[in-house]
Amino acid sequence: MTRADDFVDHIEVGNDVTIECEINCNSGILTSLDAKMSLDDLPFPFVNPLTGPIEVKGAKAGQMLCVTIRSMELDELGYTGFRSDSGLFQNWMWEQSSETSRFKPMRIADGLIHWDEKRTIPVKPMVGVLGVAPAFGSCLSIDNGEHGGNIDVQEIGPGATAYFSINADGAYLYIGDCHARQGDGEVAGMGPTEVGARVTISVDVKERPSRMLFPRFETESHIGTIGLARAMEDAMRTSYKEMICWLTDEYGFTEQDAYMLLSSVSEARATQVVNSKITYICKVEKSLIT
């Protein structure tokens with residue numbers, strides 16, 4: 001059962017919609033490269049402002065939601081940083097750093113992140129948080145699970161489609177935590193270049209594959225599965241098992257052949273190790289399986 005006032009807005013299948021996504025400190029704080037930021041501006045665990053929930057008209061529990069990222073228009077200011085309670089090396093460098101040196105505002109212009117006066121980095125925009133309502137209860141915006149959430153997969157950017165199992169009528173789509181670029185692991189906790197963005201998406205609703213338990217994604221060149229677990233080995237196993245099921249159910253492989261194929265062609269990595277559950281992806285080039 002859903003009510004109209006459960007949602008901030010709605011989206012129709014097949015329509016393009018542009019969604020405003022804030023970052024967690026741009027409400028009058030990050031206004032210039034000289035902006036001074038502190039942890040008080042980023043109250044944990046409320047560090048990922050999200051836009052939603054958005055009703056997907058006609059979406060029913062038990063189906064699959066397909067979210068295509070059409071484009072991303074980035075703000076001109078972003079930042080990176082680290083915290084003492086998050087990241088690959090917790091507390092290291094914390095006492096030796098000043099409040100201001102723990103955060104780094106940066107200009108984003110002309111498709112480049114201006115790291116400093118000498119160095120620039122090409123942008124590679126992505127959506128860090130994308131998902132639907134969980135099957136039971138609720139979750140924080142820093143968490144993730146079978147419903148998606150704070151998954152931080154670099155491939156989920158312009159041109160990509162993400163797939164989610166729908167757990168409630170209307171889907172309860174939400175989106176946020178955009179990055180101008182993110183390195184594998186997101187190792188500093190706030191390691192990517194956080195940025196506000198206007199994200200244009202479209203949605204579709206399809207029959208959910210019977211063995212799909214975790215989110216999937218597809219780009220022009222690859223299909224990919226997403227494993228989410230507290231231990232990296234478990235996240236890796238999940239992503240590979242999901243891929244074996246996908247190759248078996250939709251591409252005509254036996255499970256044994258799919259398992260052996262992945263030993264030769266899979267591309268896999270941990271995209272983040274700092275959230276409540278680690279994200280590990282397994283992807284396969286389409287040209288090798290079609």
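Author: Helices (H or I, at least four residues) and strands (E, at least two) are DSSP runs, numbered from the N terminus.

Reader: What kind of model is it, and how are things numbered?

Author: This is a predicted model, in which local features need pLDDT of at least 70, side-chain atom pairs count only at pLDDT 80 or more, and totals for chains, interfaces and linings use all residues. Residues are numbered from 1 along each chain as its sequence is written, and side-chain values use heavy atoms, with hydrogens and water left out.

Reader: At what angle does it pack with α2?

Author: Helix α1 (residues 232-251) and helix α2 (residues 255-265) pack at about 125°, and their axes are 9 Å apart. Axes here are lines fitted to C-alpha atoms, for helices over the stretch in contact, and angles run from 0 to 180 degrees between N-to-C directions.

Reader: What do you call that arrangement of α1 and α2?

Author: Oblique, therefore, for α1 and α2. Angles under 35 degrees count as roughly parallel, over 145 as roughly antiparallel, 65 to 115 as roughly perpendicular, and the rest as oblique.

Reader: Which residues make the contact?

Author: From α1, the contact has Tyr240, Met243, Ile244, Leu247 and Thr248; from α2, Glu255, Ala258, Tyr259, Leu261 and Leu262. Contact means heavy atoms within 4.5 Å.

Reader: How do the residues of that contact divide into nonpolar, polar and charged?

Author: There are 8 nonpolar, 1 polar and 1 charged in the contact of α1 with α2. Ala, Val, Leu, Ile, Met, Phe, Trp, Tyr, Cys and Pro count as nonpolar, Asp, Glu, Lys and Arg as charged, and the others, Gly among them, as polar.

Reader: Which residues of α1 are buried?

Author: The buried residues of α1 are Ala235, Thr238, Ser239, Tyr240, Glu242, Met243, Ile244, Cys245, Trp246, Leu247 and Thr248. Buried means under 20% relative accessible area, exposed over 50%, and partly exposed in between (1.4 Å probe, protein chains only).

Reader: What covers the buried residues of α1?

Author: The cover includes β11 (161-165), β14 (216-218), β15 (222-229), α2, β16 (267-272) and β17 (278-285).

Reader: Is aspartate 110 buried or exposed?

Author: Aspartate 110 counts as exposed, because its relative accessibility is 76%. Glutamate 186 is another non-glycine with a positive phi, about 45°, and its place is in the loop between β12 (173-181) and β13 (189-207). Glutamate 186 counts as buried, at 4% relative accessibility.

Reader: Which residues does the cis peptide bond join?

Author: Glycine 52 and proline 53, with omega about 0°. Proline 53 is found in strand β3.

Reader: Now loops. Where is asparagine 48?

Author: Asparagine 48 is in the loop between β2 (17-21) and β3 (50-56). At 10% relative accessibility, asparagine 48 counts as buried. Setting aside neighbours within four places in sequence, asparagine 48 is in contact with Val129, Ser141, Ile142, Asn150 and Asp177.

Reader: And alanine 160, what does it touch?

Author: Not counting residues up to four places away in sequence, alanine 160 touches Val67, Thr68, Ile69, Glu155, Glu218 and Thr219. Alanine 160 is in the loop between β10 (148-150) and β11, and is buried with a relative accessible area of 1%.

Reader: Last one: how far apart are the C-alpha atoms of alanine 135 and asparagine 167?

Author: They are separated by 5.0 Å, with alanine 135 and asparagine 167 lying 32 residues apart along the chain. Alanine 135 is in the loop between β8 (126-131) and β9 (144-145), and is partly exposed, with a relative accessible area of 48%.
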